[in-house]
Amino acid sequence: SPTIAVLALQGAFIEHEQRLQSLGCTTIELRQAADLARPFDGLVLPGGESTVQAKLLHDLGMFEPLRQRIAEGLPALGTCAGLILLADHFRTLPVTVRRNAYGRQLGSFHAEGRWEDEAVPLTFIRAPRIEALGSDVEPLVTLNDAPVAVRHHNQIAGAFHPELDDDNRLYEAFLAPLKRAY
Ligand code: GLN
């Protein structure tokens with residue numbers, strides 16, 4: 001089964017690990033630069049606070065090695081703050097995001113999005129809005145016709161928290177190329 005590394009510096013990483021394990025993955029936690037030497041097939045960047053996560057990545061010497069591996073094609077799934085890391089910090093994902101874009105009233109909310117013609121439950125927590133898509137970025141999930149999850153080659157990113165809803169499609173899209181290899 002694939003081994004998935006989950007960035008475990010800050011934020012909602014435990015729930016991702018549990019979900020990945022329930023889908024048959026082995027998980028490892030990335031907490032320090034030495035952890036990057038362990039073999040893994042994919043990377044999950046969890047929700048939390050992107051500015052804190054980016055600072056810790058830099059301070060721990062993990063930022064550039066991770067950026068390089070994503071740029072070289074490592075399958076990556078970023079959720080919420082993870083989307084912001086990919087778009088604004090690593091800059092491997094060509095989308096424009098606006099942090100905390102849903103305002104105070106809508107700080108956290110549940111909604112029903114669309115994946116092709118099917119409904120998808122979505123949980124947003126101080127979520128970024130995806131404002132523009134660069135080239136080779138494909139919307140995967142939309143809410144009121146606006147993209148809330150996208151794919152760009154090896155990277156999948158969503159503004160919501162898939163680890164909090166009972167729907168595995170975003171994980172399955174991330175894992176599909178990995179499972180084929182095993
Ligand atoms: N507001 C957070 C940020 O800007 C993201 C929130 C989340 O990951 N749930 O990084």
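1. Val95 stands opposite Leu133, a residue of strand E8. The structure is a predicted model, in which local features need pLDDT of at least 70 and side-chain atom pairs count only at pLDDT 80 or more, whereas totals for chains, interfaces and linings use all residues. Residues are numbered from 1 along each chain as its sequence is written.

2. Strands E5 (residues 95-98) and E8 (residues 129-133) run antiparallel and are joined by 4 bridges; strands pair if DSSP finds at least two bridges between them. Helices (H or I, at least four residues) and strands (E, at least two) are DSSP runs, numbered from the N terminus. In E5, Val95 and Val97 make up the covered face, while Thr96 and Arg98 make up the uncovered one. In a regular strand the side chains alternate between the two faces of the sheet.

3. The ligand is surrounded by Gly47, Gly48, Glu49, Ser50, Cys80, Ala81, Ile84, Arg99, Asn100, Ile125 and Arg126, where a residue is near a molecule if its C-beta atom, placed from the backbone, lies within 6 Å of it. This shell divides into 4 nonpolar, 4 polar and 3 charged residues, with Ala, Val, Leu, Ile, Met, Phe, Trp, Tyr, Cys and Pro counted as nonpolar, Asp, Glu, Lys and Arg as charged, and the others, Gly among them, as polar.

4. An unreviewed UniProt entry lists Gly48, Glu49, Ser50, Arg99, Ile125 and Arg126 under "binding site"; annotations of this kind may be inferred rather than shown by experiment, feature names are shortened, and the positions are given in the numbering used here. These residues span 79 residues in sequence, yet no two of their C-alpha atoms are more than 12.9 Å apart, so they gather at one spot.

5. Gly48 lies in the loop between strand E3 (42-45) and helix H2 (50-59), and Glu49 is found in the loop between E3 and H2 as well. Gly48 is buried because 21 other C-beta atoms lie within 10 Å, whereas Glu49, with 16, is partly exposed; the cut-offs are 20 or more for buried, 12 or fewer for exposed and partly exposed in between, with C-beta atoms placed from the backbone. Setting aside residues up to four places away in sequence, Gly48 touches Gln10, Gly11, Ala12, Gln53 and Ala81, and Glu49 is in contact with Gln10, Gly11 and Ala81; contact requires backbone-placed C-beta atoms within 7 Å.

6. Ile125 belongs to strand E7 (residues 118-125) and is partly exposed, with 17 other C-beta atoms within 10 Å. Beyond its neighbours within four places in sequence, Ile125 is in contact with Gly47, Cys80, Ser108 and His161. Arg126 sits in the loop between E7 and E8, and although it is not a glycine, Arg126 has a positive phi of about 40°.

7. Asn144 also has a positive phi, of about 50°, without being a glycine. This residue lies in the loop between strand E9 (138-143) and strand E10 (146-152), and Asn144 is exposed, with 8 other C-beta atoms within 10 Å.

8. The largest nonpolar core has 48 residues, of which Leu83, Leu86, Ala149 and Ala159 touch the most other members. Its largest share, 6 residues, comes from helix H4 (residues 81-89). Such a core is a set of buried Ala, Val, Leu, Ile, Met, Phe, Trp, Tyr and Cys residues joined through C-beta atoms within 7 Å. Neighbours within four places in sequence aside, Ala149 is in contact with Leu140, Val141, Ile156, Ala157, Gly158 and Leu170.

How values were computed:
Contact = placed C-beta atoms within 7 Å.
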